[in-house]
Structures are given as C-alpha cells and as structure tokens.
Amino acid sequence: QVQLVESGGGLVQAGGSLRVSCAASGRTFSRDAMGWFRQAPGKKREFVASISYGGGLTYYGDSVKGRFTIYRDNAKNTVYLQMNSLTPEDTAVYSCAVRGGSWYLRRESEVDYWGQGTQVTVSS
C-alpha cells in the first residue's frame with residue numbers, strides 16, 4: 001500500500017517562508033518523479049513543482065518560479081518544498097504526488113499516487 005504523508009503546513013504572514021514535507025512509503029521510488037500540486041477553495045488544482053529521482057530535473061509552475069524550491073532526500077523517501085516570499089495567493093491545500101516510472105511530472109493526469117494534503121494559509 002502506497003502512502004504519501006505531508007507535513008509542515010500552517011499559518012504564515014505575507015513575505016514569510018514555510019517548508020512542507022512529504023514522506024513516501026509502500027514501494028520503491030527509484031524511478032519515480034515526485035512533486036507538489038495545490039488547490040484553493042473554488043479554484044482548480046494547480047501544478048507547483050516536481051523533481052526527478054536523482055534531482056537533476058526540476059520543474060516549477062509559472063506562479064512560483066523564483067520563490068519556491070523543491071528537493072528530495074531519497075534515503076528517507078522524502079520530498080520537500082521550500083516556499084519563500086509567500087503571498088495570500090499561495091493559500092491552498094498542498095498535495096504531494098508521485099508519477100511512477102518517469103522522470104517527468106507536470107500534469108494532474110500523470111499522477112499515480114496522491115497524499116492527503118496539508119493546509120498552507122498566508123495572511124495579509
């Protein structure tokens with residue numbers, strides 16, 4: 001059984017920083033791209049960032065480029081998202097995602113496994 005467990009969400013003021021984590025278990029992830037999506041109430045789910053297993057390939061959504069950084073620790077089967085210069089527009093549920101057997105993950109249709117999500121709220 002594959003499990004993706006997010007943590008690290010919370011409240012932060014605009015301009016602040018937050019790091020969310022995703023611990024994966026239940027399978028080997030040596031060929032799997034991992035990433036993050038987010039969804040705010042009343043809005044569609046949006047791609048945030050993704051990373052290949054070796055970390056050599058990273059992708060970011062246009063709205064977060066230059067502010068967010070994705071990285072992973074394969075010894076712990078964990079992927080992280082460091083979020084800086086946060087604004088109220090970043091308020092959303094952030095969900096961890098895995099695409100099995102691929103270097104690439106950019107679309108919802110590519111996701112094989114989802115985490116439960118962690119709430120990030122940015123106040124003005």
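Two strands pair if DSSP finds at least two bridges between them. The legends below use that rule for a predicted model.

**Figure 1. Strand β9 and strand β11 pair in the antiparallel sense.** Three bridges connect β9 with β11, which covers residues 118-123.

**Figure 2. Strand β4 lies antiparallel to β9.** Strand β4 covers residues 33-39. Seven bridges join β4 to β9. Trp36 stands opposite Cys96 of β9. In a regular strand, side chains alternate between the two faces of the sheet.

**Figure 3. Strand β10 also pairs with β9.** Strand β10 consists of residues 113-114. Two bridges hold the β9 and β10 pairing, and the sense is antiparallel. Ala97 has Trp114 of β10 as its bridge partner.

Figure 4. The cut-off for buried is under 20% relative accessible area. Across the protein chain, 42% of the 124 residues count as buried.

**Figure 5. Gly61 is a buried loop residue.** Gly61 sits in the loop between β6 (58-60) and β7 (68-73). Its relative accessibility is 9%. Buried means under 20%, so Gly61 falls in that class. Which residues does Gly61 touch, leaving aside those up to four places away in sequence? They are Phe47 and Val48. Phe37 is 24 residues from Gly61 along the chain, and the C-alpha atoms of the two are separated by 9.4 Å.

**Figure 6. Asn77 has a positive phi.** The phi of Asn77 is near 50°, and Asn77 is a residue other than glycine. Asn77 is found in the loop between β7 and β8, where β8 spans residues 78-83. Is Asn77 buried or partly exposed? Asn77 is partly exposed, with a relative accessible area of 28%.

**Figure 7. Ser85 has a positive phi.** Ser85 is not a glycine, yet its phi is about 50°. The loop that holds Ser85 runs between β8 and β9. Ser85 counts as partly exposed, at 44% relative accessibility.

**Figure 8. The protein chain is built from strands and has zero helices.** There are eleven strands. From the N terminus on, the elements run β-β-β-β-β-β-β-β-β-β-β. The C-alpha trace spans about 40 × 25 × 25 Å along its principal axes. What radius of gyration does the protein chain have? The value is 13 Å. A compact globule of 124 residues would have one near 14 Å, so the two agree. Take contacts between residues at least 6 apart in sequence: 58% of them join residues at least 24 apart.

**Figure 9. Surface and charge of the protein chain.** The chain exposes about 6,600 Å². Carbon and sulfur atoms supply 45% of that area. The side chains include 14 positive and 10 negative ones. The centres of these two sets lie 2 Å apart.

Methods. Residues are numbered from 1 along each chain as its sequence is written. This is a predicted model: local features need pLDDT of at least 70, side-chain atom pairs count only at pLDDT 80 or more; totals for chains, interfaces and linings use all residues. Side-chain values use heavy atoms; hydrogens and water are left out. Helices (H or I, at least four residues) and strands (E, at least two) are DSSP runs, numbered from the N terminus. The radius of gyration is taken over C-alpha atoms; the globule rule is 2.2 Å times the number of residues to the power 0.38. Buried means under 20% relative accessible area, exposed over 50%, partly exposed in between (1.4 Å probe, protein chains only). Contact means heavy atoms within 4.5 Å. Accessible areas come from the Shrake-Rupley method with a 1.4 Å probe; for residues, only the protein chains shown count as cover. Lys and Arg count as positive and Asp and Glu as negative; His and the chain ends are not counted. The place of a charge is taken as NZ of Lys, CZ of Arg, CG of Asp or CD of Glu.
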